[in-house]
Amino acid sequence: MNRLPIVLTLLIILIACLASAAEPATNAAGYVMRYADIGGGNIVFTYEGDLWLVADTGGDARRITSHEGNEMIAKFNQDGSKLAFTASYDGGRDVYIMDTQGGVPERLTFHPAGDTMVDWCPDGVSIYVNSNREYPSRAGELYRYPLDGGMPMKLPLDRAGLASVDPQRTGIAYNRIGREMRTWKRYEGGMAQDIWVKDFTTNEITKITDWDGTDNFPMWE
């Protein structure tokens, strides 16, 4: 039996394996940087379940949280001195406040339902939180939480997910469906998100997108 073809085949496989091993493992960790926000000359993002900070001009990023729980959706306040973010520290999902340069996070929400950071209020002394705490619908709704520890106030919306408040506080752009955590690629079904705008002065609600796919993460210019 001619063994030469077999030897050549094994040699080709060995060379291919060695070449593959020699390539730099640029994405060996398999992690993705997500939920970035910019403010105060810095960019904050989630990587490996922690928050990282880097100058908006570039450079090396540094980890500013190290808890074994996950942190995500960090948002800068107006002057960039503080961060509000969602974290899973005590078995649930709550919102915490922390100095931008690091430190001990201060817990803001204590409800048993999952609470998710949405955005800072334009007044700088409160934040918007998404929560599905009310029965029987368990739909996501928006709550305004004052930083001084006062009672939260539910916004006058039938339901809401991600949202952004007009800097002039005359309205809010929002998703009525919260589906941004799902991994449904190219989804065009009944849970596809659209963006709606509510005018606080007239209470009029207008749908401003009509694409069959997903429209989310609304932001005011």
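This is a predicted model: local features need pLDDT of at least 70, side-chain atom pairs count only at pLDDT 80 or more; totals for chains, interfaces and linings use all residues.
Student: Let's begin with the inside. Which residues make up the largest nonpolar core?

Tutor: The general idea is that in soluble globular proteins, nonpolar side chains tend to be buried together. Here, the largest nonpolar core has twelve residues: Val44, Leu51, Leu53, Ile64, Ala74, Phe76, Leu83, Phe85, Ala87, Tyr89, Tyr96 and Met98. At least two residues of this core come from each of strands S3 (50-55), S5 (71-76), S6 (82-87) and S7 (94-99). S6 gives the largest share, with three residues.

Student: Which residues does Ile64 touch?

Tutor: Leaving aside residues up to four places away in sequence, Ile64 touches Leu51, Trp52, Leu53, Leu83, Met98, Thr100 and Gly102. There is also a second, separate core of eleven residues, including Val118, Leu142, Ile172 and Tyr174.

Student: Now the sheets. What is the strand order in the open sheet of four strands?

Tutor: The order is S13-S14-S15-S16, and the pairing is antiparallel. Look at the edges: strand S13 (163-165) and strand S16 (205-207) each have a single partner strand, so one side of each is left without a neighbour in the sheet. On average, neighbouring strands of this sheet are turned by 20° against each other, direction ignored.

Student: How many bridges pair S13 with S14?

Tutor: Three bridges pair S13 with strand S14 (residues 171-175), in the antiparallel sense. To find the place by eye, look for Val165, which stands opposite Ile172 in S14.

Student: What should I know about strand S11, and is it enclosed or open?

Tutor: One general point first: in a regular strand the side chains alternate between the two faces of the sheet. As for S11, five of its six residues are buried, so S11 is largely enclosed by the rest of the structure. S10 and S11 run antiparallel and are joined by six bridges, with Val129 opposite Tyr143 in S11. S11 and S12 also run antiparallel, joined by two bridges, and here Tyr143 stands opposite Lys154 in S12.

Student: Let's turn to charges. How many salt bridges are there?

Tutor: The reading rule is to look for a side-chain nitrogen of Lys or Arg within 4 Å of a carboxyl oxygen of Asp or Glu. By this rule the count comes to eleven salt bridges. One of them joins the side chains of Arg107 and Asp94, at 2.9 Å from N to O. This pair links distant parts of the chain, with Arg107 in strand S8 (residues 106-107) and Asp94 in strand S7, 13 residues apart. Arg107 is partly exposed, with a relative accessible area of 26%, while Asp94 counts as buried at 4% relative accessibility.

Student: Which residues meet Lys154 in salt bridges?

Tutor: Glu134 meets Lys154 at 3.2 Å, N to O. Glu134 sits in the loop between strand S10 (126-131) and strand S11 (141-146), and Lys154 in strand S12 (residues 153-154) is 20 residues apart from Glu134. Both side chains belong to partly exposed residues: Glu134 has a relative accessible area of 32%, and Lys154 has 35%. Lys154 also meets Glu141, at 3.6 Å, N to O. That pair joins strand S12 to strand S11, 13 residues apart, and Glu141 counts as buried at 8% relative accessibility.

Student: Which residues form a network of salt bridges?

Tutor: Glu48, Asp50 and Arg63 are linked in such a network.

Student: Is Ser131 buried or exposed?

Tutor: Ser131, in strand S10, is buried, with a relative accessible area of 0%. The side chain of Ser131 reaches the backbone oxygen of Gly114 at 3.4 Å. Beyond residues up to four places away in sequence, Ser131 touches Ala113, Gly114, Asp115, Ala139, Gly140, Glu141 and Tyr143.

Student: And Glu68, buried or exposed?

Tutor: Glu68 counts as exposed, at 79% relative accessibility. You will find Glu68 in the loop between strand S4 (62-63) and S5. The C-alpha atoms of Glu68 and Gly49 are separated by 8.1 Å, and these residues are 19 residues apart along the chain.

Notes:
Residues are numbered from 1 along each chain as its sequence is written. Side-chain values use heavy atoms; hydrogens and water are left out. A nonpolar core is a set of buried Ala, Val, Leu, Ile, Met, Phe, Trp, Tyr and Cys residues joined through side-chain atoms within 4.5 Å. Buried means under 20% relative accessible area, exposed over 50%, partly exposed in between (1.4 Å probe, protein chains only). Contact means heavy atoms within 4.5 Å. Two strands pair if DSSP finds at least two bridges between them. Axes are lines fitted to C-alpha atoms, for helices over the stretch in contact, and angles run from 0 to 180 degrees between N-to-C directions. A polar contact is a pair of N or O atoms within 3.5 Å; within protein, one must be able to donate a hydrogen and the other to accept it, and residues adjacent in sequence count only if both atoms are side-chain atoms.
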